[in-house]
Amino acid sequence: MTSQSQGIHQLLQAEKRAKDKLEEAKKRKGKRLKQAKEEAMVEIDQYRMQRDKQFRLKQSKIMGSQSNLSDEIEEQTLEKIQELNGHYNKYMESVMNQLLSMVCDMKPEIHVNYRATN
């Protein structure tokens, strides 16, 4: 009976050791999964930063060219306004004289179709 209880005792100890090893393996697995997750997050953050940097570079190139385009348009607009103001100042006096002469210098004439009725 002692040999039987010794055998049972050995089996219980072996079972306990197996259970301990299983728990230890589970802990190592959990620890490794956690470590792998952290490594993946670091890689994701690096990739995200890289792509964000590329996006900002492209965006600055595009926005830079747009600002150059808007500067050109503004410059052309100012030139056109100056040109129109120059034409206005150049021709204003002659146009005003023409208008005034048409309004003030009237030559009364009898219309061609007018018939005198007596």
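Modeller: Arg 32 pairs with Glu 39 in a salt bridge, their closest N and O atoms 4.0 Å apart. A salt bridge here means a side-chain nitrogen of Lys or Arg within 4 Å of a carboxyl oxygen of Asp or Glu. This is a predicted model, numbered from 1 along each chain as its sequence is written. Local features need pLDDT of at least 70, side-chain atom pairs count only at pLDDT 80 or more, totals for chains, interfaces and linings use all residues, and side-chain values use heavy atoms, without hydrogens and water.

Biologist: How far apart are the closest N and O atoms of Asp 52 and Arg 56?

Modeller: Both residues lie in helix H1, four residues apart, about one turn of the helix. Helices are DSSP runs (H or I, at least four residues), numbered from the N terminus. Asp 52 and Arg 56 form a salt bridge, with the closest N and O atoms at 2.6 Å.

Biologist: Which residue forms a salt bridge with Arg 48?

Modeller: Arg 48 is exposed, because its relative accessibility is 53%. The closest N and O atoms are 3.5 Å apart, and the partner is Asp 45.

Biologist: How many salt bridges does the structure hold?

Modeller: Arg 32 with Glu 39 is one of them. Asp 52 with Arg 56 is another. The structure's count is three.

How values were computed: Buried means under 20% relative accessible area, exposed over 50%, partly exposed in between (1.4 Å probe, protein chains only). Helices (H or I, at least four residues) and strands (E, at least two) are DSSP runs, numbered from the N terminus.
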